[in-house]
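Hi everyone, thanks for making time this morning. Have a look at the sequence and the structure first, and then I'll walk you through them.

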Amino acid sequence: MPDAPVSTIHVHGMDTFSISLASNPSTGYQWMLSNPPDPRFLSLMETTYLPPSAPTTRVGHSGRQIWKFQALKQGVTTLSFKYCRP
């Protein structure tokens, strides 16, 4: 299995940031956190699904799942996501 993409995000304490992942809930799959965020450094504020912006006649067209977090203090932590059926 190939390595998963890795990104680094630098934020200041109390900043909010979002992670946007391609998602297609009509398949029964959705993004989930592999582990809960470290509560010393991050708070999950919300997760929402945004359907495709352009009207489409294609059934099952994918949109974006948006994860919004707040940084609580200075430090280093890791977020890991998995695309699976709940």
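**A walk around the strands**

Let me start with the largest pocket: among the elements, β1 gives the most to its lining, with 3 residues. Before going further, a word on the source: this is a predicted model, where local features need pLDDT of at least 70, side-chain atom pairs count only at pLDDT 80 or more, and totals for chains, interfaces and linings use all residues. Residues are numbered from 1 along each chain as its sequence is written, and side-chain values use heavy atoms, with hydrogens and water left out.

Back to that pocket. About 940 Å³ of space lies in it, and of its 26 lining residues the closest to the centre are Ser-7, Thr-8, Ile-9, Thr-77 and Leu-79. By pocket I mean, on a 1 Å grid over the protein atoms alone, an open set of points where a 1.4 Å probe fits, with protein on both sides within 12 Å along at least five of seven lines; lining residues have an atom within 4 Å of a point. The volume is the space filled by probe spheres set on the points, which are joined across faces, edges and corners.

Now the overall layout. The protein has 0 helices and 5 strands, counting DSSP runs numbered from the N terminus (H or I of at least four residues for helices, E of at least two for strands). Pairing here asks for at least two DSSP bridges between two strands. β1 is joined to β4 by 8 bridges, with Ser-18 having Lys-68 as its bridge partner in β4. β3 and β4 also pair over 8 bridges, and there Leu-42 stands opposite Ala-71.

Let's stay with β1. Its covered face holds Phe-17, Ile-19, Leu-21 and Ser-23, while Thr-16, Ser-18, Ser-20 and Ala-22 are on the uncovered one.

Beyond four places in sequence, Leu-33 touches Leu-44, Trp-67, Phe-69, Leu-79, Ser-80, Phe-81 and Lys-82, where contact means heavy atoms within 4.5 Å.

Two more residues before we stop. Thr-16, in strand β1, is partly exposed at a relative accessible area of 42%. Thr-16 and Gln-70 are 54 residues apart in sequence, yet their C-alpha atoms are 4.3 Å apart. In the segment before β1 sits Met-14, which counts as exposed at 51% relative accessibility. The phi of Met-14 is near 75°, a positive value in a residue other than glycine. For context, most residues other than glycine have a negative phi.

Methods: Buried means under 20% relative accessible area, exposed over 50%, partly exposed in between (1.4 Å probe, protein chains only).
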